[in-house]
Structures are given as C-alpha cells and as structure tokens.
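The exercises below are meant to be worked through with the sequence and the coordinates at hand. Each one sets a task and then gives a solution in steps.

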Amino acid sequence: MWRYAAVLPVPFDAELTMGEGLTPLVAAPGTSALRLKLDFLMPTLSFKDRGAVVLAGLAKLLGAAPLVVDSSGNAGTAMAAYAARAGLSCEVFVPAGTSVGKLAQMQAHGATVRLVPGDRQAAADAAISRVGASPGCFYASHAYHPYFLHGTKTFAYELWEQAGGGVPSTVVVPVGNGTLLLGAYLGFGELVAAGLADRMPALVGVQAAACAPLAASCRAGTELSPTGTSATTVAEGIAIAHPPRGHQALVAVAATGGGFLTVSDDEVTQAARELAGHGLFVEPTAAVCWAAVRTARATDPGERSAVQELLCRPGVVVPLCGAGLKAVHH
Ligand SMILES: *Cc1c(COP(=O)(O)O)cnc(C)c1O
C-alpha cells in the first residue's frame, strides 16, 4: 500500500512494513461480473493491517507507549503485531469470549491481553478508562483515530488501480465501527477530488441482523438509535452496538446513493460454507457481504429492494476481510 505514500499521513518506514496491501481481486463463485478483494491475505490476516501500520507509524514517530487497543480480535492482533515491529508495548482489551486463534496471535506478538467480562462495548469502556487514567499512553483505536482511516482508504486506491483507473459500480462492505466503509469513502472521495475518478461507487454497508444499529436508523430515517442491541452473532467482528462514527457512516453511505442491508446468522454460515467450497476459507464476519449478495441475487428481480438491486448489477466488489482460522473458538 506504500505505493500510495504520497497520500498517507506518515512516511514509509522500511522497518515497520510487512508488505501489507495490494491484495488480489478475483472472480466470485459463479460469476466473474462480481469480484472478491482478498483482504484476508494480509500480514496478520485481516484488513486491519492497512490502518494498524499507519497508526503504529505515528506512535513510533511520537515515541508514545503503551499502545492501548480495544478489539473483538482483529484490530488487536494487527496493532499487537505492528507495535512489536515499532518496538512499543501494547495492551489489548478484548471481550472474554474472543476466539482462541485471535488471542494466541496477540499473545505471540508480546501484547498484554486483558480479558474483559461482557460484550464488545465493555472492552471499549475498559480501554478508555485505562487511557484516561494513564496520561502519555497512545489510544490506538481503530474506531476513533483518524489515521486509521487514512490507512484503510488504500482499499479504494487499490480498487481504482486494479480497475485500470476506473471505479466499481458498487462496493459492499461489512460495517461494525465502519472503518473500512469510511476509509473507502475517504479514498474514493480523494480520487474524485484529484480528478482521477469521475464518480463515487455506491457504498453498501452490511450488518448482522442481531446487531444492526446503522441499518435500523437508515431504514427509519432517524438519527442513531440509542437502543442499539449487542446481541451475539456469528459475525463477532461487526457486533458493535454504539459505533462512535455511526453518524459519519450514515452520511457517507447516503452521499454515494448506497444503503444498508442486514444478514441473518444462517445466511452468513451458508455464505462462508460456499466460499470455503471455492477455496476461500474466511471467518464468518468476513462472509457477511457475500451473504448479502447471494440473498439479493436469489431474490426475484421484482421483489428486490433498491439496495439489493445495487448488488445485482455488473462491476460489484466484495471484500473478504478476515481469515478462517481466526474464528476457531476451541
Ligand atoms: C474489523 C472487522 C470488520 C468490521 O470493521 P469495522 O471497522 O468495525 O466496520 C469486518 N470484518 C472483519 C474480518 C474485521 O476484522
């Protein structure tokens, strides 16, 4: 991704990089009109490396430590790895139910892992208390820190380059905190502003039906609902009841003429199985977008919603964001 260093807020650091970015774009099962972007083929096996390398670069320049992170797993894993490369200590607050694969990865990198009883929000609250009580530490939060989005925006630059300077019709993204969504919005927006692209793709966000605060407020046409639930779902990486940048995510999606969809755990499990049957072993969270596409395509054209229609035209891109081994729970 450092081919785009000119638009990144920290300089290239040969000691920090592990060759993250420029992930493959391949044909989807059953149709080459739709492409899958394999963002699980990253150094720590999720798209979070795009943001983590930039954030760790900033912490290294500032000499700030420890890096404090809260995560359902992948952001913690990515920050732990890049903190290790930066020579900075790292503390990761995770929900007690986090998968053993993700925990093992963080521990292997030398991070201090703090298991927090309760849900994802409880882990975030614990990290924020830690940061508030310890001046000088670096809150390496993917949900809040703007530099993280400047890393994830490279996803958009790559799609543009891989399309020979074009833009997909629709980009479907998983949305918990919305860091890939907002990074994509930022990146495509910069390309349009620079005169390098002539339009934005429609951005469609996918949430788990059990925890879908953004899809719910989009549908109701209201502000973010204060009653977002944090019910459990197989899509553990997007179960975010109160995304801090939720309002921004709603605005971004609306500005591109996109929308939100929800998928059930059954649909996610089936989608993951279908991908694995085509050689692509991804964690359930990484299958939500493919699940939404499958359902839209299986729906009778006359019955499709306007947002589902956006998933059925040519030139759609779906990222696969996290590797399958990560979500092994025992
Ligand atoms: C983090 C993550 C997401 C969700 O990203 P947000 O920034 O919370 O929207 C989706 N899929 C995978 C595999 C992730 O690691």
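**Exercise 1.** Is the crossing of H1 and H2 left-handed or right-handed? Describe also how the two helices pack in this predicted model.

*Solution.* Begin with the geometry: helix H1, residues 49-62, packs against helix H2, residues 74-86, at an angle of about 35°, and the two axes are 9 Å apart. The crossing of H1 and H2 is right-handed. Then list the residues that meet: H1 contributes Asp-49, Ala-52, Val-53, Leu-55, Ala-56 and Lys-60, while H2 contributes Ala-78, Met-79, Tyr-82 and Ala-86.

**Exercise 2.** Find the partner with which Lys-60 forms a salt bridge, and classify the exposure of both residues.

*Solution.* The partner is Glu-15, with the closest N and O atoms 3.4 Å apart, inside the 4 Å cut-off for a salt bridge. The pair links distant parts of the chain, since Lys-60 belongs to helix H1 and Glu-15 to the segment before strand E1 (25-28), 45 residues apart. Lys-60 has a relative accessible area of 27% and is therefore partly exposed, whereas Glu-15, at 57%, is exposed.

**Exercise 3.** Determine whether Val-253 is buried or exposed, and identify its contacts beyond the neighbours within four places in sequence.

*Solution.* Val-253 is found in helix H9, residues 246-255. Its relative accessible area is 1%, under the 20% limit, and so Val-253 is buried. Leaving aside neighbours within four places in sequence, Val-253 is in contact with Leu-181, Leu-203, Gly-258, Gly-259 and Phe-260. For Leu-203, which is 50 residues away along the chain, the C-alpha separation from Val-253 is 5.6 Å.

**Exercise 4.** Which residues form a nonpolar patch on the surface with Val-328?

*Solution.* The other members are Val-100, Phe-281 and Leu-325, and together with Val-328 they have about 370 Å² of accessible area. Val-328 sits in the segment after strand E10 (316-319).

Notes:
Residues are numbered from 1 along each chain as its sequence is written. This is a predicted model: local features need pLDDT of at least 70, side-chain atom pairs count only at pLDDT 80 or more; totals for chains, interfaces and linings use all residues. Side-chain values use heavy atoms; hydrogens and water are left out. Patches are made of residues with over 30% relative accessible area and no salt bridge: like charges are joined within 9 Å, nonpolar side chains (Val, Leu, Ile, Met, Phe, Trp, Tyr) within 5 Å. Accessible areas come from the Shrake-Rupley method with a 1.4 Å probe; for residues, only the protein chains shown count as cover. A salt bridge is a side-chain nitrogen of Lys or Arg within 4 Å of a carboxyl oxygen of Asp or Glu. Helices (H or I, at least four residues) and strands (E, at least two) are DSSP runs, numbered from the N terminus. Axes are lines fitted to C-alpha atoms, for helices over the stretch in contact, and angles run from 0 to 180 degrees between N-to-C directions. A crossing is left-handed if the near helix is turned anticlockwise from the far one by less than a right angle, and right-handed if clockwise. Contact means heavy atoms within 4.5 Å. Buried means under 20% relative accessible area, exposed over 50%, partly exposed in between (1.4 Å probe, protein chains only).
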